[in-house]
Amino acid sequence: MAGVKVIVFGATGHVGSQVAIFAHKFGAEVVLAMRNVSATIQGLTPELESQGFERVQADLTKLDTVKAVLQATKPKKAFLYLVQRTPDHMEAVIQALKDEGVDNVVFLSSFLLDSLENVPQSSPIAWAEAQVELNLRKHFPGYISLRPGGFATNILRWKPYGEEVRLYGPDHTSDFITNTDIGEVGARVLIDGSNQQAIYLHGSALITQQDAINDIGKVFNKQIKLISLDKKEGISVLEQLGIPKPVATYLANGSANWEEVLDADKFKEGQKNIEKYTGHPPTTFVDWVSTNRELFQKPTA
């Protein structure tokens with residue numbers, strides 16, 4: 001399958017950028033679909049970009065731009081992410097992919113999904129992902145769903161506070177799966193396919209938010225002060241960071257000790273899947289911080 005042309009929507013995102021870079025490493029021609037074609041892509045140097053990447057302007061909320069880039073570039077595989085609040089749950093975009101010759105899709109979903117039916121709307125992210133996956137199942141029966149746990153990049157939402165972090169639930173745990181691991185798996189199955197339709201992915205260990213912030217402090221050799229908030233204050237802080245209130249409320253309500261809610265067998269399966277598709281165990285959180293120091297040093301827009 002070397003040399004296949006793939007299109008990566010959301011190529012400026014933490015995961016999309018890594019899918020694109022790894023897909024190129026694995027031999028694909030890569031179309032970078034972006035709202036802003038001048039935007040910086042993490043890890044993509046000008047020298048590397050000149051060796052098999054193409055930037056195109058596309059917005060998944062504007063169907064005409066999607067059709068135009070598909071007709072111009074003619075990719076065979078597509079990496080897709082959730083765009084919330086689309087009235088048709090992205091079906092028009094999915095239909096366009098099919099109509100323009102894409103033969104399979106890898107969709108960035110989440111571990112919150114098990115079955116696609118009967119997902120409650122009180123879980124807005126999982127419900128929205130399920131509706132998109134139902135549309136994918138209709139048009140691309142062999143589509144692949146990546147279902148990672150809690151993103152390590154979520155910790156970047158606290159970066160505006162510098163050496164002081166105010167958050168709800170410092171003792172709440174997450175697996176902090178890295179965008180590089182998700183991206184590497186995503187690129188591999190985008191090119192080679194998979195006998196698994198739903199691929200659960202999890203990080204190296206469950207750690208608390210407090211420990212994650214301590215790890216960041218160790219890497220940068222500084223003390224980060226953590227101020228614990230109640231749930232109402234935590235929701236308010238998330239809103240100040242630009243997260244819509246319904247999603248902020250959902251995130252706060254869902255924040256918990258994962259040992260109590262995460263199936264142990266599914267967690268182990270997610271860790272094994274990282275090794276299955278990448279050849280290495282899940283990257284630890286502290287190693288990810290150490291190799292991505294620039295993410296924590298860049299000024300926040």
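Which residue lies over the face of Tyr-200? Lys-266 does, at 4.5 Å from the ring centre. The model shown here is predicted.

Lys-266 belongs to helix H11, while Asp-114 sits in the loop between E5 and helix H5 (124-139), so the pair ties together parts that are 152 residues apart in sequence. How exposed are the two ends? Lys-266 is partly exposed, because its relative accessible area is 26%. Asp-114 has a relative accessible area of 57%, so it counts as exposed.

A search of the whole structure finds eight salt bridges. The general idea is simple. Side chains of opposite charge can pair when their charged atoms come close.

The side chains of Glu-117 and Arg-137 meet in it, at 2.7 Å from N to O. Glu-117 is in the loop between E5 and H5, and Arg-137 is in helix H5. The two are 20 residues apart, and the pair links distant parts of the chain. Glu-117 is partly exposed at 39% relative accessibility. Arg-137 is partly exposed too, at 38%.

Arg-188 pairs with Asp-192, and their closest N and O atoms are 3.0 Å apart. Why are they separated by about one helical turn? Because Arg-188 and Asp-192 are four residues apart in helix H6. An α-helix has 3.6 residues a turn, so residues three or four places apart point the same way. Arg-188 is partly exposed at 26%. Asp-192 is partly exposed at 48%.

Now look at H6 as a whole. It has 14 residues. From its first C-alpha to its last it reaches 20 Å, close to the 20 Å expected at 1.5 Å a residue. Is this helix largely enclosed or largely open? Twelve of its 14 residues are buried, so H6 is largely enclosed by the rest of the structure. Among the buried ones are Asn-179, Asp-181, Ile-182, Glu-184, Val-185, Val-189 and Ile-191. After H6 comes Gly-193, whose phi is positive, near 75°.

The largest nonpolar core has 35 residues. Those with the most contacts inside it are Val-30, Leu-32, Phe-79, Leu-146 and Leu-201. Several elements each supply at least two residues of this core, including strand E1 (5-9), helix H1 (14-25), strand E2 (29-34), strand E6 (144-148), helix H6 (179-192) and helix H11 (264-278). In soluble globular proteins, nonpolar side chains tend to be buried together.

Take Leu-201 as an example. What does it contact, leaving aside its neighbours within four places in sequence? Among its contacts are Leu-146, Arg-147, Pro-148 and Gly-149. Others include Ile-177, Ile-182 and Val-185, along with Gly-270, Asn-273 and Ile-274. There is also a second, separate core. It holds 32 residues, including Leu-70, Ala-78, Ala-96 and Leu-97.

Next, the aromatic rings. A search of the whole structure finds five aromatic pairs. The rings of Phe-22 and Phe-26 have centres 6.0 Å apart and planes at 35°, so this pair is tilted. Phe-22 is buried, with a relative accessible area of 13%. Trp-288 and Phe-296 make an edge-to-face pair, at 5.8 Å centre to centre and 75° between the planes. Trp-288 is buried at 1%. Phe-296 counts as buried at 15%.

The charged end of Arg-188 sits over the ring of Phe-26, 3.7 Å from its centre. Arg-188 also forms the salt bridge with Asp-192.

One last stop is Leu-241. Its place is in the loop between helix H8 (231-240) and helix H9 (245-254). Leu-241 is partly exposed at 27% relative accessibility. Leu-241 and Phe-22 are 219 residues apart in sequence, and 30 Å apart in space from C-alpha to C-alpha.

Conventions
Residues are numbered from 1 along each chain as its sequence is written. This is a predicted model: local features need pLDDT of at least 70, side-chain atom pairs count only at pLDDT 80 or more; totals for chains, interfaces and linings use all residues. Side-chain values use heavy atoms; hydrogens and water are left out. A nonpolar core is a set of buried Ala, Val, Leu, Ile, Met, Phe, Trp, Tyr and Cys residues joined through side-chain atoms within 4.5 Å. Buried means under 20% relative accessible area, exposed over 50%, partly exposed in between (1.4 Å probe, protein chains only). Contact means heavy atoms within 4.5 Å. A salt bridge is a side-chain nitrogen of Lys or Arg within 4 Å of a carboxyl oxygen of Asp or Glu. Rings of Phe, Tyr and Trp (its six-membered ring) pair if their centres lie within 6.5 Å; planes under 30 degrees apart count as stacked, over 60 as edge-to-face and the rest as tilted. A charge sits over a ring if NZ of Lys or CZ of Arg is within 6 Å of the ring centre and within 35 degrees of the ring normal. The expected span of a helix is 1.5 Å times one less than its number of residues.
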